[in-house]
Amino acid sequence: MKEMNFLLAGVGGQGTLLASDVLADVGVRAGYDVKKSEVHGMAQRGGSVTSHVRWGDKVRSPLIGHGEVNYLLAFEKLEALRYVGMLRPGGVAIVGDQSIPPLSVSSGEDRYPDDERVGRTLRKVIERTHFIPSISLAEELGSARVHNIVLLGALSTFIEDVAPDTWLEAIEARVPERFLELNRRAFWTGREAVQPTIS
Amino acid sequence: MRVLLSGNEAIARGGYESGVRVAAGYPGTPSTEILETLVRYSGVYAEWAPNEKVAMDVAIGAAYAGSRAMAVMKHVGLNVAADAFFYAAMTGMEAGLVVVSADDPFMHSSQNEQDNRHYAKFARVPCLEPSDSQEAKELVGVALEISEEFDSPVLLRITTRIAHSYTLVELGERKVEERTEPPSYRIDRVKYVMVPANARRRHPIAEERIAELRTFAENFPYNRMEMNGRGLGIVTNGVAYQYAKEVFPQASFLRLGMTYPLPEKMVRDFAAQVERLIVVEELDPFIEEEIRLMGIGVEGKSIFPICGEFDPHLVRQSAIRAGLLPASEAVETREVEETKGLPMRPPLLCPGCPHRGLFVTTKKLDLVVNGDIGCYTLGFLPPLSALHTCGCMGASIGQAHGVSKAGIAQKHVAVIGDSTFFHAGLPALLNVAYNKSDTIVIILDNRTTAMTGHQEHPGTGVTLKGEQTKAVAVEDVAKAFGIKRVYTLDPYNLKEVESVLRDCLAADGPAVVISRRECALLPEARKAWRPIKVIEERCNGCGLCFGIGCAAIVKSERLDEKTGRAKAWIDPLLCTGCEICAQVCARKAILFREQMIEEGESS
Ligand SMILES: Cc1ncc(C[n+]2csc(CCOP(=O)(O)OP(=O)(O)O)c2C)c(N)n1
């Protein structure tokens, strides 16, 4: 593999950083050179959080160049729109179904893009977008918090040369014992949630 | 064993492996995790000092006493510590001293993007720069060796991207013998007492040292030529090296791991072998100017920007514009109109932030406020717009004093956080008392250093190691300085805030107001979160509550029939129940916690 670039985008508190830790570790376990870089502003709650994860035989830059992302893993719909331009042609967006309105929206100055606009815009930029109802799936499993693992499960289906067990090992290394089963189920649920694309 | 480490974790590991015994610093993004990681290793003493100058003196003292030492700070921290850094450059030490400076291109969390390599040149100190975490770890040990060989502090300069990127690191063992008995202190008055006569002796030594380091740099293994195509030769450093390697796979490289002083012969040799010589470096044209001083033609900042942070895209686009790469090398990107102008997520005071209660009141009283650096700086944002200056740590109190001496009739108010107060506010408050102004100094005591991620400080009673220590009370300090009017209040209680501030405004002489309430994100405070709610029928959408700038209270879909304005709604997932909105509501439409309980009981 020459290189594989993942951009994770979400809002502070959504579990983006844990997901990027897992993803980087999966790359290491699969034998790749790996770099990971977190980009976030000040430490307040509710800001945009992005994380760049790169796997490859030899990775140079810790940041992914504009237009060079293979997989965009968005935990929130507005953030998906914000970063979709980072994808390369043929790239894939995996988008969780959560909306977290910024203050300017909830105070009535801005509008949060509706699902129709989100879908239309994403399709305009890339061929393959997968909306995953990650929150509702996670809630069905017992906790909305594992939506990040649901999304990782969905992502894992695209990386065919890495076995699901490798992903599970990386997840298990970071999750307390009593949540292991929940996280395993979240991962498999995410894998099943990916439908073949109809284009 | 190879593990993914951030640059900061790698520096801590490097400190441990290479036998650092004493480390001191003051929190500051992007450097904070270095000491937080280092303190967990056995055999290393690490502490938060009240400020960077103290931290630097502590590290220097340890190095004078024969222990390898490290001082850690963000770039602007070195301004605070500069005085100490300069004398250490004159005296040298008995054991290695590495000074870590974390610069912040793009100012992800800083007030400027100064390039601290200038400090190396300024003080005649060598400067090392890693390009990934592995090198960050190794260069700590290398810096200590250079420090000992050349009897000089060594500046290890990183940037945000190195500090906060994770790359693979090979772990090693700690290479230091544990002491069986305490070390002895070697006295050398001529070397260490920097009175003019001694300093005059030391200055030529510092100049000779840097000349010797120039020679040393020629064979320094972290300076290396990577020859490839001869059309383009790139001199580069730090993370910019990674970007350039990716963008110019055909070019030849001179990668500098030591950016001051430069290996002149190596640079000449490299320049002679390539047709076009460019420098790819973030921030200032530091290497570029050094090369130009050698009389060698070189380009750099005519191609790549001075301001901001690089990334592969920026380097590529700049290169194409300058004709270094053909336009066909551009990466295909897809700009879509619909993704422009999306609502942003700017930083805000968190729901439940105790600073809010203070600012709501200073705004109501229409006070001009000299501010400082910390979470509370965000009080400058609308709708509060309640803070009117922010320059550097500790500036607020001196400024407010100066404003009053300039003859402004209105009483002057300085607002400063607790950690910032202990950092640089103390002498400024002493000045208010000693030189007599009517300044009102408000200390926002949220019991932590919140902005950088909740570090301890002298007011909290706990050390970096987690040990109990004496907590200093700001009240006692203010009184000891001779300030008579000292108030302590709870910023969640708006009536109390207003009455205290009115008292201060009415009286003559300085006043200190301690606004004390734990940061809402601290574990103990979180346990007390109890969301409150709006009684929809009572709300007429007047919007007073929106004026407090809290993300938890927002416009709902429901409009008031008479006024047509959106009624307020409280997001129970965000609300902590600080009741500030409930206190500003003129229609008693927001329930207080107690009313919530009563309501719960009755329903
Ligand atoms: C010289 C210098 N050192 C460190 C920093 C990083 N820094 C910014 S604000 C801050 C302290 C904030 O703590 P406090 O004053 O208690 O306010 P809070 O964030 O808790 O409201 C620090 C350490 C800086 N900007 N300048």
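Predicted model: local features only at pLDDT ≥ 70, side-chain atom pairs only at ≥ 80, totals over all residues.
Which strand of chain B do three bridges join to E2(A), and do the two run parallel or antiparallel?

Side-chain values use heavy atoms, with hydrogens and water left out, residues are numbered from 1 along each chain as its sequence is written, and chains are lettered from A and ligands numbered from 1 in the order in which they are written.

Okay, the interface. We have 55 residues of chain A in contact with 48 residues of chain B, contact being heavy atoms within 4.5 Å. The buried area between the two chains is about 4400 Å², and carbon and sulfur atoms give 58% of that. Buried area here is the accessible area, 1.4 Å probe, that two parts lose on being put together, summed over both.

Next, the polar side of things. The rule finds 12 residue pairs in polar contact across the interface, both residues at pLDDT 80 or more. For a polar contact you need a pair of N or O atoms within 3.5 Å; within protein, one must be able to donate a hydrogen and the other to accept it, and residues adjacent in sequence count only if both atoms are side-chain atoms. As for who does the touching, E2(A) gives the largest share of chain A's side, seven residues. Strands here are DSSP runs of E, at least two residues, and helices are runs of H or I, at least four, numbered from the N terminus.

Salt bridges: there are five between chain A and chain B, the cut-off being a side-chain nitrogen of Lys or Arg within 4 Å of a carboxyl oxygen of Asp or Glu. Glu79(A) and Arg345(B) make a salt bridge at 2.5 Å, N to O.

Back to my opening question. The partner is E8(B), residues 165-170, and the pair runs antiparallel. Ser37(A) sits opposite Ser165(B) there. Strands count as paired if DSSP finds at least two bridges between them.

Chain B also has its own open sheet: seven strands, E3-E2-E4-E5-E7-E6-E12, with mixed pairing. E3(B), 45-48, and E12(B), 258-260, are at the edges with a single partner strand each, so one side of each has no neighbour in the sheet. E2(B), residues 22-25, runs parallel to E3(B), joined by four bridges, and Ala23(B) is opposite Ala46(B).
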